[in-house]
Amino acid sequence: MSTQKQIIVEQFGGPENLLIKDTEIPTPAEGQVLVKLTSIGMNHADLLARKGFYKIASGEPPFTPGIEGGGIIEKAGPNTTLSEGTRVVITPDAPRAAAGGFGGTYKQYYCVPESKVLPAPDTIPDNQLGALWLPYLTAWGCLVWKHGIKAGDIIAIPAASSSVALAAAQIAKKFGCKTIGLTTSQDKIDTLKNMSTAHYDHIVLTHDKDTDGNRTMLPWHKEMRQLTESKGVNVFFDPVASGSYLNTEIKCLAQFGVVYVYGLLGAPDTVDVTPLIRKFASITGWVLGELMYAGEDVWRRGCNEILDGFADGSYKQHVDAEYKLEDIQNAHIQMHKGQHIGKLVIVP
Ligand SMILES: NC(=O)c1ccc[n+]([C@@H]2O[C@H](COP(=O)([O-])OP(=O)(O)OC[C@H]3O[C@@H](n4cnc5c(N)ncnc54)[C@H](OP(=O)(O)O)[C@@H]3O)[C@@H](O)[C@H]2O)c1
């Protein structure tokens, strides 16, 4: 029996619950392909799953975390059309075991029906094949499919250094929008300004940090007023969305502006929504699941447009660090600290 390394969570809890095991490498049956994973994108959802707060994907223990993956077809089963050696991305629906998928991707080999992989353009490096959907499909689904951004729109993107924000800025620029990144870190501003993958027209600092890392919010609406020439922001694409931060976003919105809340990085707090009335503006939630529920033809359109964007050079990922499966506990600790820029990936 040939074996592979696979991460298994036997009980919910801290990083110490990520156990590395030897499991059998499956043989692809009729219509299936066995993919040797070269890249597994890490996501906050994996940390939540480990803790037991994302059962919609993980189900109950024992389970293998991981909702993204990509690599090279090692073996093609009978009656398949893709040949061995083809570089592929696993489709975004495949790993969601609790929703009828094939289970998590934190392992070396992934066996799925051929319909659950998409051939990747050569422009995507091997270490990024499994790190596309959470950043790019989350941003594409909200900005392009749900909102319908158009040339000239002003898109403000909090957590500017995050992988989803970097993807959102690239997509918004491809559509001819003006992009303003917001970050809590002065150090990250300097790095982002020198990064070819950070497609921000401007970057605004929202917080001061003391030596213990405690944040105090700055009056950043003043800079936003200047940058938007008092017109305001058409769309905030926001994973922070807490009290005073959200109040400032509301203050910065243009007429008919929208704040899309897609993350839980800030702490819940009181918000004054009354200015929304005179601006005909709104706050609404966004989750990738909405795109998935919209149907396979819709999310596949998103996947194809994103792969095309990589092929024509409009999109390019920034990978901050790579981890081996053996180092997975440390990888989760690093992701929780949030000092990275862009994507963290496992290269199994
Ligand atoms: N709704 C969905 O479908 C969906 C899909 C994917 C991800 N998400 C969520 O989106 C968020 C970002 O994911 P990611 O993988 O891109 O994250 P990431 O790469 O780990 O980036 C996190 C960044 O957010 C900023 N941040 C963290 N805490 C903050 C706070 N309290 N106030 C302001 N900024 C804060 C920091 O950036 P700066 O230093 O630049 O400020 C931090 O580096 C997560 O909450 C994730 O769960 C949601």
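**Before starting**

The structure is a predicted model: local features need pLDDT of at least 70, side-chain atom pairs count only at pLDDT 80 or more, and totals for chains, interfaces and linings use all residues. Residues are numbered from 1 along each chain as its sequence is written.

Select residues 13-346, where an unreviewed UniProt entry places the feature "domain: Enoyl reductase (ER)". UniProt positions are given in the numbering used here, feature names are shortened, and annotations may be inferred rather than shown by experiment. Over residues 13-346 the chain is 30% helix and 25% strand, with the end C-alpha atoms 20 Å apart. Helices (H or I, at least four residues) and strands (E, at least two) are DSSP runs, numbered from the N terminus.

Next, colour domain 1 (3-131 + 317-346) and domain 2 (134-288) separately; domain bounds come from an automatic or database domain assignment. The C-alpha centres of domain 1 and domain 2 lie 29 Å apart. Nine residues of domain 1 are in contact with 10 residues of domain 2, where contact requires C-beta atoms, placed from the backbone, within 7 Å. On the domain 1 side, two of the touching residues are nonpolar, five polar and two charged. Here Ala, Val, Leu, Ile, Met, Phe, Trp, Tyr, Cys and Pro count as nonpolar, Asp, Glu, Lys and Arg as charged, and the others, Gly among them, as polar.

**Around the ligand**

Now select Ala159, Ser162, Thr183, Gly263 and Leu288, which come nearest of the 26 residues around the ligand. A residue is near a molecule or strand if its C-beta atom, placed from the backbone, lies within 6 Å of it. By class, this shell has 13 nonpolar, 12 polar and one charged residues. Helix 1 (44-51), helix 3 (133-147) and helix 4 (163-174) each supply at least two residues of the shell.

**The nonpolar core**

Select Val35, Ala139, Leu143, Ile157, Ala168, Phe237 and Tyr260, which touch the most other members of the 91 residues in the largest nonpolar core. Such a core is a set of buried Ala, Val, Leu, Ile, Met, Phe, Trp, Tyr and Cys residues joined through C-beta atoms within 7 Å. A residue is buried if 20 or more other C-beta atoms lie within 10 Å of its own, exposed if 12 or fewer, and partly exposed in between, with C-beta atoms placed from the backbone.

Zoom in on tyrosine 260. Not counting residues up to four places away in sequence, tyrosine 260 touches Cys142, Val235, Phe236, Phe237, Asp238, Thr284 and Trp286.

**Individual residues**

Move to proline 28, in the loop between strand 2 (18-24) and strand 3 (32-41). Proline 28 counts as buried because 21 other C-beta atoms lie within 10 Å. Proline 28 and glutamate 74 are 46 residues apart in sequence and 9.8 Å apart in space, C-alpha to C-alpha.

Proceed to proline 61 and proline 62, which are joined by a cis peptide bond with omega about -5°. Proline 62 lies in the loop between helix 2 (55-58) and strand 4 (70-76).

Finish with glutamate 229 and phenylalanine 256. Glutamate 229, not a glycine, has a positive phi of about 50° and sits in the loop between helix 6 (221-227) and strand 13 (233-238). Phenylalanine 256 has a positive phi near 65° and belongs to strand 14 (residues 253-261). With 11 C-beta neighbours inside 10 Å, phenylalanine 256 counts as exposed.

Notes
Contact = placed C-beta atoms within 7 Å.
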